[in-house]
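Subject: Handover of a structure and the findings on it

Dear colleague,

Please find the structure below, together with its sequence. I would be grateful if you kept both open while reading the notes that come after them.

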Amino acid sequence: MAEKYELKTKEVWDGNTAASHALRQAQVDVVAAYPITPSTPIVQNYAQYLADGYVDGEFVMVESEHSAMSACVGASAAGGRVATATSSQGYALMVEVLYQASGMRLPIVMTVVNRALASPLNIHGDHGDLYLGRDAGWIHLIANNPQEAYDMTLCAFKIAEDEDVRLPVSTNQDGFLVSHTAQIVEPLDDDTAYKFIGDYKPKNPMLDFNSPTTYGAQTEEEWHFEHKARQHKALMDSPKVIEKVFAEFKELTGREYKLVESYNMEDAEVAVVAMGSNYETAKIAADKAREMGIKAGVVCPRSFRPFPLEEVAEVLKNVKAIGTMDRSAPMGTIGALHNEIAGALNGFGYNSIITGYIYGLGGRDTTVEDNLEVFKDLAMNAEAGKRVTPLQKFIKLRGPELSFFKVGE
Amino acid sequence: MATPTERLENWDEFEIGAVLKSFDENGNYSRDHSKTYQVADWRVDKPIFNRETCIDCDNCWVACPDSCFLVETIENKRGKKQAKIIGIDYDHCKGCGVCVEVCPTPIKSLLMFPEFTDEKEALNNWPKKEDKKD
């Protein structure tokens, strides 16, 4: 029986520590991982908790991230609660197996610390890895600070393992800006946290020797489409469960989470949409913009997949000008988040002016002033009643201004 | 083998995760068990088994990745039960040729032939003991 960890009602934790304590409290049966910066401390801490007797499960040290996720798939199909952590190149190496995990409907939890993808090599935060897993069939939850990294990881188990979901879930926090920034975190005690998540309920476990089971059978043209469609349906239906879990979490902790977080949106005429630590920076910028007479608000989708299309459209429908903030190199098009926002508004019949901003690649610091510049752009578009700024701009890029689709060119 | 029409369920009807159970609730082979499937239709070369030269070492039985060697139980001279190789399950053999590799008899008791080869003809023309070369 695992030892209880003595926790204060308020701890000073960075995002990595917060995520590792959530994994510990979930009493995961198998963690298979290959440490990589900046998520290394999650795995390292977890191994320490296990060595010190705070965890009853197994820790499998593997030779690569591909093996890590493969071991997770095996352990999950065998019938255990399973988790891992990764970042960047490790995430990239896992991608093939991410699709296997979701296709086999295995409720694995992965605590991701977002980091840029090489080349050129970079260890700092951007959303290149998150976007890489965009279509992998996982639920991707966004955590904007260490408290949320803890809370989302606890919720992730409950969402993934729900019998109406049975899909893998990743929790995402910005490399270094969240993962290595210590803040006050209010954890639950071990028993309360475990009780919230509940015992693991296996479904079709391979270790049931009375009922031998094949996982991930081959399906060609007469089957594959049906399987993928059903998986998509499960993702599209999962917001109900996510909201149910968030409601239970609020009941327990008083901390409220929504599919779409928003700040000062009630009367907003311009809004920034951002995921990750910049959501909090943009909130401060929105306050400053309001001092300047710009009715500014901020929106953050809490789940990147499933994307809350209807909820996003609802919160943004009265906004005149929207700025989408993508923290990943768009490589030949508009940003992925921009695409979602434009699709959501168009799909539900709204006509806001939408411009996209690429920011913070490879950990480039993006400040309140940078966000304020975006709000000023948006105010110009709102005032003109049409787009007068470029469709895509790069924030804080050294050199001549780089932008695309300038008006009048 | 194409999926039988009665197996083509709709997207909301089958078990999630492409999960297949080998046995039904009563412990009988389920319709998903490969026993009921012919899964060898892409075979190009097939092994042919020559009972005359076989010594029942069971190497082929152990090595076959698809458990395709058919056996029957016999009593040996000392009255003990023993497995006797009697043939190949061509519904599941993919023609990988591993059995031929592991067959230890001086003249192989298993050889690969093109899929269309007549078994009797192959056995009639089975290689004889080679003359020793210098």
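Predicted model: local features only at pLDDT ≥ 70, side-chain atom pairs only at ≥ 80, totals over all residues.

Residues are numbered from 1 along each chain as its sequence is written, and chains are lettered from A and ligands numbered from 1 in the order in which they are written.

Chain A as a whole

Chain A contains 12 helices and 17 strands. Both are DSSP runs numbered from the N terminus (helices: H or I, at least four residues; strands: E, at least two). The C-alpha trace of chain A spans about 70 × 55 × 45 Å along its principal axes.

Of the 409 residues of chain A, 54% count as buried. A residue is buried if 20 or more other C-beta atoms lie within 10 Å of its own, exposed if 12 or fewer, and partly exposed in between, with C-beta atoms placed from the backbone. Among contacts in chain A between residues at least 6 apart in sequence, 79% join residues at least 24 apart. Here two residues are in contact if their C-beta atoms, placed from the backbone, lie within 7 Å.

Two helix pairs

Two packed helices are described by the angle between their axes and the distance between the axes. Axes are lines fitted to C-alpha atoms, for helices over the stretch in contact, and angles run from 0 to 180 degrees between N-to-C directions.

Helix α1 (residues 15-25) of chain A is mostly covered, since 11 of its 11 residues are buried. It packs against helix α2 (residues 40-51) of chain A at an angle of about 40°, with the axes 8 Å apart. The two helices are therefore oblique to each other; angles under 35 degrees count as roughly parallel, over 145 as roughly antiparallel, 65 to 115 as roughly perpendicular and the rest as oblique. Their crossing is right-handed, a term used if the near helix is turned clockwise from the far one by less than a right angle, with anticlockwise being left-handed. On the α1(A) side, the residues that meet α2(A) include A:N16, A:L23 and A:R24, and on the α2(A) side they include A:P41 and A:Y49. The residues of this contact divide into 6 nonpolar, 4 polar and 1 charged. Ala, Val, Leu, Ile, Met, Phe, Trp, Tyr, Cys and Pro count as nonpolar, Asp, Glu, Lys and Arg as charged, and the others, Gly among them, as polar.

The second pair is helix α3 (residues 65-78) and helix α4 (residues 88-103) of chain A, whose axes come within 7 Å and cross at roughly 25°. That angle makes α3(A) roughly parallel to α4(A). The crossing of α3(A) and α4(A) is right-handed, and the residues of their contact divide into 9 nonpolar, 4 polar and 2 charged.

One residue of α3 in chain A is A:H66. Which residues is A:H66 in contact with, leaving aside its neighbours within four places in sequence? They are A:L93, A:M94, A:E96 and A:V97. A:H66 counts as partly exposed, with 17 C-beta neighbours inside 10 Å.

Individual backbone features

A:Q27 has a positive phi of about 50° although it is not a glycine. A:Q27 is found in the loop between α1 and β2 (30-33) of chain A, and is partly exposed, with 19 other C-beta atoms within 10 Å. A:R105, also not a glycine, has a positive phi near 60°. A:R105 lies in the loop between α4 and β5 of chain A and is buried, with 27 other C-beta atoms within 10 Å.

A cis peptide bond joins A:A118 and A:S119, with omega about 5°. A:S119 lies in the loop between β5 (109-114) and α5 (128-132) of chain A. The peptide bond from A:R305 to A:P306 is cis too, with omega near -5°, and A:P306 lies in the loop between β13 (303-305) and α10 (309-316) of chain A.

Yours sincerely
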